[in-house]
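User: Hi! Could you walk me through a few spots in this model?
Analyst: Happy to, here it is.

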Amino acid sequence: MSAQDAKAQRLARLAAQVDWSKVVDPYGGGQYGPEVLEGLWSASRVTADQNLTNLHYAANGDGSSVRAAAAEMLPFLLEAARDPDVTVRFEILRTIADIADTGNTAPTAKVAPIFEGKWRPTVDPSWPAAWGRAADALLPLLDDEDDLIRYAAVGALSQAAAHADTLITRLRTCFENEPDLWVAERLVLAVGELARYAIQQREEALAWLRFRMAVEGKGEEPDFDEDIDAWIAWDEEVRHDVRLQAVQALRRALPDHADPLYARVTADALLTSSTTSADLPAEYFSARVDVITEADQRLGADLPGRLTLAHALLGHGGATERAGGLRVAAGLMSRWRSAVPDLLPAVAELVDDTHLENRLFALRILAMCGDASRPWADLVATHLTPTGEAPEPVREHAIWALSRMRDDRCVPPLTELLTTHGHFTSGHAGSIGRGWNASDLSLSEALAPFAAHTDVLLDPLLAHIQTAAYRAHPHYSILRQWHQDGGHVVPRLIELLEDDETLMVAAHALLLTDSGPVAAAHHERLRERLSPPTSSRNNDLAQLDPFDYHTLTGDDAPVHALLCLPDNSSFPNPGPQLSEPTLLRACVTLGASLGAPAADRLRGMFREALSRKPERWSDAPKGAVERARALWRVTGDTDEVLPGLLEVTARSALAVYTTPGEIEALMLLAEVAATRPPVAERVAGQLAATARERIRHNNRFDAMKCLQSLWQLTSDPRQVVPALVDLVRICPPPGSAGVTILDPLQLLAEVAATDPASVTPAVPALHALLDADERPVRHDHWGAVRDDDAVRAAVRAVLAAA
């Protein structure tokens, strides 16, 4: 029989063992068949890898559940993993390990609150028995000649919980004879993983891991030229330094146990081999720092041990060790408030480090800590000029650090930077989601604290904004901030309205400062820049639409002109075809001045929207809300819109998911009901019920809108404070998307200013936020300290009012 015939028979035998009706695409619904076996054994690695990817999804989906396909596929995956002719053996073993890991964790996995009671990860009933039979098939791979295959086989076997006791003994034996350090490290981690499930071998496994923590390895390699016999004896003695992996394995096996020895062992293992050269390859430097920081993070909540490690690293003679110390220090300070005064002096010393990357990182940490870094402002200021610090990145980092300390010595170089570049050249703007390796230098954030220096900063900022095509330029937010902080912004913008070159930049800036109408002398020149309204929020800086013109001048003639309303005409006059959003916006702007023709038209539009059955749930009832708002503005008659709004909002309080239109309808209903006390009481109850239901389902955005509207409608602390306290508990920290903890705290401060005693139920939770050492924010990023400062400021505002 030829080799090809033998392969065909083998694949046919494997295919006959599979119920292919269960091997399906979990998303597209497509069914796989025996052809995937031929693809898995393909000589083309690309073909084999694509087939394996398809099978991985069929068995594991998005990684949260084990599907029926897994047990069907496992026998032929195991056979393929043992076949040297298969090109993707390593990937197959990784796939098996992934499925097995899901099988072990899915039954106890946490489910997001919004899915509780509706969905949870599942494991197909056929999987446990199939996986229980798989260990014997994987054991021969522990002796494979390929290091990668041995590594992957250990990873798969580490998930064989049912065989934990027997596997621990086998893996320990393999470790003693394993020549490859990478595989040896994986064996140690596997023993720790299996120790979680072992019964007879658990204590022996833990004792062995503790022993491995004490073994430093072979020691220094002998000189080959001096003593070849000693070198051969050293090379034949397999004794790896796996102390870091032993710590990791013990933390996995004993997740609730923090042994002070872990930190000491970690420090010894990291510091035994120093690297003093400042000219290391970038790849080695970065990889070594990653090893240090990962080893530190495995120490978890052992703050004293981690602080000791950080100090040892920061004061080390090796450049990579100091770099690792800076990374460790940044992580600790982002998590624990007490770590800042403990570590900041040692970090500040590295502002003058011999290694450029370490100088940059030390400056970024000082910037991260903001006001706490002020004692070292003089040191940082010495790096502002080429005389003090030649490399431009270090000068820019010094500017950034001083700006975060609110030290005005950075204003002249900021002005120069704004004039020449308009941005920092050595960093990215906005860094909330970036890791420690990325810079977070943002010129907009650097400028924000210096409203008192608008005399030198404002004109360069406006000149840079003028080069932008749209009003979405991030520097516009600085103008608003400066104006709110009392900066000399509006008078200068008014002056710039006199110049054709700066007219439109000044006009758009005035719109964002909400400074009120400008003098009549400017109206005609602004009118010359009018353009038709658009739906885009990124308005063209060269033009001004009628609505913005009305905001700037108070002149509503251009908005009237949009509607073309000569005497005795229909509404709107046939001619320009306005989009419905523009038409309704014009009606809201002009209000009662439009009279009966507009009211009749809007009344019909509102009725039509109420009678329309939406094609999709997301279509309703947005149109009805906008039409109701316009009708109410034109007529001022609450009876025109109240019945319809009550109908639209009838089901929203009980629904888990609501359309944006339904919540907007509830907000408008509250605004309208404020003029009718009997209806207001009913609507207040609906707002309160909706807010409670949204909080229960973790819908923070809708809950916050409801509570803001409820407070505006009732001014009754009893109705809003309990829900606000609950909302504070579930809201994420600053920097998260949507509503954060700052939003309910801000409203709580407003309530407390009206009735201090009403917020008494919130006081214990607020003090807990203030007094905790661990910051109640997301850790391990450059904005953590700033976010925590914002939380503390918001809490203090509530407590001060209370």
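Analyst: Let's start with aspartate 147, which counts as partly exposed because its relative accessibility is 30% (buried is under 20% relative accessible area, exposed over 50%, partly exposed in between, with a 1.4 Å probe and protein chains only). This is a predicted model: local features need pLDDT of at least 70, side-chain atom pairs count only at pLDDT 80 or more, and totals for chains, interfaces and linings use all residues. Residues are numbered from 1 along each chain as its sequence is written, and side-chain values use heavy atoms, with hydrogens and water left out.

User: Which residues is aspartate 147 in contact with, leaving aside neighbours within four places in sequence?
Analyst: Asp180 and Val183, where contact means heavy atoms within 4.5 Å. The C-alpha atoms of aspartate 147 and valine 183 are 6.9 Å apart, though 36 residues separate them along the chain.

User: Switching topic, which residues lie nearest the centre of the largest pocket?
Analyst: Arg404, Arg406, Arg786, Asp789 and Ala790, out of 20 lining residues. A pocket here is an open set of points on a 1 Å grid over the protein atoms alone, where a 1.4 Å probe fits, with protein on both sides within 12 Å along at least five of seven lines; lining residues have an atom within 4 Å of a point.

User: And which element gives the largest share of that pocket's lining?
Analyst: That's α41, with 5 residues; helices are DSSP runs (H or I, at least four residues) numbered from the N terminus.

How values were computed: Helices (H or I, at least four residues) and strands (E, at least two) are DSSP runs, numbered from the N terminus.
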